[in-house]
Amino acid sequence: MKTVLIATKNQGKVREFEAFFAEKNIQVKSLLDMEEPDDVIEDGETFEDNAVKKAEAIGKANGIPVIADDSGLEVDALNGAPGVYSARYAGSEKSDEANNEKLLRELEGVQEENRTARFVCALAVYLPGNRCHVVRGTCEGRIAFEKRGEHGFGYDPLFYVPELGKMMAELSREEKNQISHRANAMKKLEADWDTLFN
Ligand SMILES: O=P(O)(O)OP(=O)(O)OP(=O)(O)OC[C@H]1O[C@@H](n2cnc3c(O)ncnc32)[C@H](O)[C@@H]1O
Ligand SMILES: [Mg+2]
């Protein structure tokens, strides 16, 4: 069976990629399966910069096809914050709980109609010997006033998806994988699938 290495240490992302690739009969590995993966410093100005940096560093070190995901949340009332700083919004220890609390604090007093936001996902594909290919997917929504839902990860309990009338964290993995920023980025890669993994 073909294998793709996802250059991430985020278990939530890994589970979503496993569901995507199960359909294609491609096995998913991640940095969580490796003993001492290289640490890649995410100091890019854009999601794309960081995704390419992660994919190239891990791909070159291992000599196999790699997909890296750099993602985050852009909130309009906060001028696009937390953006590329989404993982460490509330501090260097990367806590989803603390990030969500900070987001609610920063949006105190902001009315529902002004709480528009989007999830963004840049996916970079590295194939040995080739230059990285990068795509972007987004998902539009609104930041709620309190957390709801048990599924997903990260900012999902605060992200309301108007077209479904539910929070992202209220969607099953299958439902999220139809509409998410990651799903929309994966759809853009689909066209290149045959060349990427033949
Ligand atoms: O860099 P890797 O190892 O992939 O893992 P990470 O968790 O550090 O991932 P990022 O650098 O891409 O930071 C993404 C941030 O955006 C959040 N995020 C990304 N995708 C999300 C999703 O589908 N739902 C909720 N939050 C998400 C996530 O919780 C992080 O806080
Ligand atoms: Mg990261």
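So, start with Phe159. Which residues is it in contact with, once we leave aside its neighbours within four places in sequence? Those are Ala117, Phe119, Gly141, Ile143, Met167 and Met168. Keep in mind that this is a predicted model.

Phe159 turns up again when we look at the largest nonpolar core, which has 41 residues. The members that touch the most other members are Ala7, Ala51, Ala55, Leu123, Ala124 and Phe159. As for where the core comes from, at least two residues each are supplied by β1, α2 (47-62), β3, β4 (116-126), β5 (133-143), β6 (159-161) and α5 (181-190). Which element gives the most? That's β4, with 9 residues.

Okay, on to the sheet. We've got an open sheet of 7 strands, and if you read across, the order is β2-β1-β3-β4-β5-β6-β7, with mixed pairing. The strands at the edges are β2 and β7 (166-167), and each of those pairs on one side only.

β6 and β7 run antiparallel, with 2 bridges between them. If you want to find that spot on the screen, look for Val161, whose bridge partner in β7 is Lys166.

Strand β1, residues 2-6, and strand β2, residues 26-30, are parallel and joined by 5 bridges. To get from β1 to β2, the chain goes through helix α1, residues 11-22, and that β-α-β crossover is right-handed. One pair to click on here is Lys2, which sits opposite Ile26 in β2.

β1 also pairs with β3, again parallel, through 2 bridges. There, Leu5 is opposite Val66 in β3.

Last stop, the ligand. How many residues are around ligand 1, and which come nearest? There are 21, and the nearest are Thr8, Asn10, Ser71, Ala87 and Gly154. Two elements give two or more residues to that shell, namely β3 (66-75) and α3 (96-106). β3 gives the most, with 4 residues.

So what is the shell made of, by class? For ligand 1 we have 9 polar residues, 8 charged and 4 nonpolar.

Okay, that's me, over to you.

How values were computed. Residues numbered from 1 in each chain as written. Chains lettered and ligands numbered in written order. Predicted model: local features only at pLDDT ≥ 70, side-chain atom pairs only at ≥ 80, totals over all residues. Near = placed C-beta within 6 Å. Nonpolar A, V, L, I, M, F, W, Y, C, P; charged D, E, K, R; others polar. Pairing = 2+ DSSP bridges. Right-handed = clockwise from strand over helix to strand, strands pointing away. Core = buried A, V, L, I, M, F, W, Y, C linked by C-beta atoms within 7 Å. Buried ≥ 20, exposed ≤ 12 C-beta atoms within 10 Å, placed from the backbone. Contact = placed C-beta atoms within 7 Å.
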